[in-house]
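Me: I am new to this structure and would like a close look at a single part of it. Could you walk me through the place where the chains meet, and then set it in its surroundings?

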Amino acid sequence: MATIKLSANKIDELKAVCKSFNNEKGELINVLHKAQGIFGYLPAEVQEVIAKELSISVAHVYGVVSFYSFFTMLPKGEHPVSICLGTACYVRGAEKVIDEFKRLLKINVGETTPDGKFSLACLRCVGACGLAPVVLVGEKVFGRVAPEGVKDIIGEYTK
Amino acid sequence: METIKLTIDNKVIEVAKGTSILKAAKEAEIHIPTLCYLNLHDLNIENKPAGCRVCVVEVEGRKNLAPACVTECLESMVINTHNIRVLNARKTVLELILSDHPTDCLICAKNGNCELQSMAQEFGIRKLHYEGEQSTYREDTSPAIIRDVDKCIMCRRCELMCNDVQTVGVLSAVNRGFMSVVAPAFERNLDHSECTYCGQCVAVCPTGALTEVDHTNAVVRALADPTKTVVVQTAPAVRAALGEEFGLEPGTLVTGKLAAALRRLGFNYVFDTDFAADLTIMEEGTELLDRLTRHLNGDKNVPLPILTSCCPGWVNFFEHQFPEMMDIPSTARSPQQMFGAIAKTYFAEKIGIERENMVVVSIMPCLAKKFECQREEFSTHGNPDVDFSISTRELAHLIKQSNINFNTLADEDFDNPLGESTGAAVIFGTTGGVIEAAVRTAYEVQTGKKLQKVDFEELRGMEYIREATIDFDGLPIKIGIAHGLGNARKLLQDIKDGKSEFHAIEIMACPGGCIGGGGQPLHLGDSSIIKARQKAIYREDAGKTIRKSHENPYIVKLYEEFLGKPLSEKSHHLLHTHYFDKSNETFIE
């Protein structure tokens, strides 16, 4: 588990988010959504602050975070790599593309490289099925990616 | 009241609108099996996540089977609770639950006391048709409670107790699907959570997923060691519940049999925590009067109300959740720890042995006591004042293992000097008892007058939060009582907000007090059992010749020979404690 210390102004920002939802228990998912937007992920400390502000137990917050695959407790890399696993991409060999990313980056899906450069995630259909299989690095879309092309994509970001 | 008519198993019945099918069937004396469902009527606690689907019934005209626990009865409904479709569905559901459950029943701590096992037996399950992967999870052993999540069936009863009743908030369902488990935040172990070890989760767990740490073998080893003098103390609530483990009616008092059984087990001295409860009253009662007098004399540094401190679950609760209020509870140790401290000093001296050669065992209705006796501040040079704390259930096992026919034992008395106690001590076992005992003594000490009547009915009962004003000869003393930590939290919040007008508050972590403790025979949701135990406690009190702690002759002698007077230096050293701010203890490993 990450053991970073949150800076005071980030905590204030987080508290302001909670306040913008009136510290309402029922708004937990919305708060978590915004918090992940601020921090990129949801470390234990963030969840503890949210629990306190919303007057709910940390266990409950963690229960929600661990339930939804959208929420993550691991920091994303500088260049988050997402591979589409929608039907079209899948049948056109997305899995082999994932395997190649895993092999070259030496991480599993959901993990981040030790140098913090890359993280690997899967997503379901980006609506560009004509370009299947699709890979996203940050906001940039790569279409018709073959396993052989993975090396070049990574290379673009390690120059 | 609006009522509706419906038919269950060809029986036409009339129930109040809004009644669940399960409840309606019960009213018609039709049994529908349940597994995740839990209802503690008098405590107004109901668990019905409709998760297990064992209670499904067929409602005519409805496509799917309906879970009886959450489906409301409607006008003219026709319900079948045991036709072939229902029975097959139930059996399938149960087999599916069993397909992801270890089959080590023979060596499970809950063997013979497991609702899942009983149901498999009731349903006549002889073969498991579903093979496949089983979910596994690491075992988590804390000082008091073991979590073996492999045996969890996700009934969520423990969550109800931990979050809604106790408001401790340690347990939650985490992850999803096959990987989901009930766990503390970030899946830490219990000893890295805010767990109070109240054991209410253990008390309602239908399987072996939550059990107590078993110390019976350690006790047996101590008993077999010829170099050790083994001293036992037994808490007030144990005598009102132990009989249930031997088939006796709830509320049967087994004080004499208990003493006899402990002697048969080989304890060298069979003493009573009640003695230490009397001692607690001397110290806590004196502290109450001291704080009250100083406060009334205008000393603003003396905070009121004073809160009782004999419940270790409650102590853990405020150390974690209300650390800013640690100066409010009494500094008096719990009876268990007072007993240990006196046994290993005063009594060890009396019989001429070193404390290292004495083993103190306590029989407690409680799991938090296991944690309490392991606290560092309750040991001298690494030797704990109380070596092992075992629950009422563990004692029952020990008695059964030792071939003792409990029900035919002739009554025996406790040994002296640490076995003599008053009626004031025995009522420590129920909610309202500690404060009543304190009032009996504090009144006489404060006013110098004899009480005409020692029964304070206004302090008794089973309501969550109670209050009463006791007239101390012209001085009205306002008393609050709460049981269940969720209710304790309400009173604490009032104090924090400056709204509390009480002079003294009694708090017990478990609903009902110690009689409903996490270490007691399982009541499985039948709160009439807790009420029967409460009646038994008051019966025991009424039958005692001495009913006020300060009149216990051995307590008087203990002060004369050893302690001096309440709150003396020696008392402070042996009988009082201090508290720790644990609010940050759970933060990031």
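Reply: Happy to! A word on domains to begin with: their bounds come from an automatic or database domain assignment. By that assignment, chain B is divided into domain 1 (3-97), domain 2 (100-128 + 138-212) and domain 3 (217-575). The centres of domain 1 and domain 3 of chain B, taken over C-alpha atoms, are separated by 43 Å.

Please keep in mind that this is a predicted model, in which local features need pLDDT of at least 70 and side-chain atom pairs count only at pLDDT 80 or more, while totals for chains, interfaces and linings use all residues. Residues are numbered from 1 along each chain as its sequence is written, and chains are lettered from A and ligands numbered from 1 in the order in which they are written.

Now to the meeting place. Two residues are in contact if their C-beta atoms, placed from the backbone, lie within 7 Å. In this sense, 12 residues of chain A are in contact with 13 residues of chain B. On the chain A side, the elements giving two or more residues are α3 (44-54) and α4 (58-67); helices here are DSSP runs (H or I, at least four residues), numbered from the N terminus. The most comes from α4(A), with seven residues. By class, this side of chain A has six nonpolar, five polar and one charged residues. Ala, Val, Leu, Ile, Met, Phe, Trp, Tyr, Cys and Pro count as nonpolar, Asp, Glu, Lys and Arg as charged, and the others, Gly among them, as polar.
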